[in-house]
Amino acid sequence: MGSFILKTDVPNKVLNIELEGSFSQEDGLRSISAYQDTIAPINTKEYELNIDCKRLNVTAPEIVPLLEGCLQMFKKDEYKKVVLTLENNAILKMQLSRLGRSVGLDNLEIISTVTT
């Protein structure tokens, strides 16, 4: 089961999202609904989107279209910058990089952290 936490940092104009676990279709739809509720009162064009994926598992093939839809949604919302932070997971990094390119999310930055 996947989980998510959304936090808006209004003074710094950053929307922080933490993702954890393996997302099912239902988890994905719940997170999209929560995301839309969270961004309703803000102007996303003035914001940076930081998504912490360090505890996110590699996405199952059947969930890829949903993830791609999320990246398209982030592009449509025109954030100043979209940053995904991963924990040294080459497969997930490749998966997200490919999806970002396929939807034309040109301001996507993927940071890979290494923990010891």
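Residues are called buried under 20% relative accessible area, exposed over 50%, and partly exposed in between (1.4 Å probe, protein chains only). The model is predicted: local features need pLDDT of at least 70, side-chain atom pairs count only at pLDDT 80 or more, and totals for chains, interfaces and linings use all residues. Numbering starts from 1 along each chain as its sequence is written, and side-chain values use heavy atoms, with hydrogens and water left out.

**View 1. Met 94 in helix H3.** Helix H3 spans residues 90-103 and contains Met 94. Helices are DSSP runs of H or I with at least four residues, strands are E runs of at least two, and both are numbered from the N terminus. Met 94 counts as exposed because its relative accessibility is 57%.

View 2. Accessible areas come from the Shrake-Rupley method with a 1.4 Å probe; for residues, only the protein chains shown count as cover.

View 3. The chain has 3 helices and 5 strands. Their order along the sequence is β-β-α-β-α-β-α-β.

**View 4. Interior and surface.** Of the 116 residues in the chain, 41% are buried. The accessible surface of the chain is about 6,600 Å², with 51% belonging to carbon and sulfur atoms.
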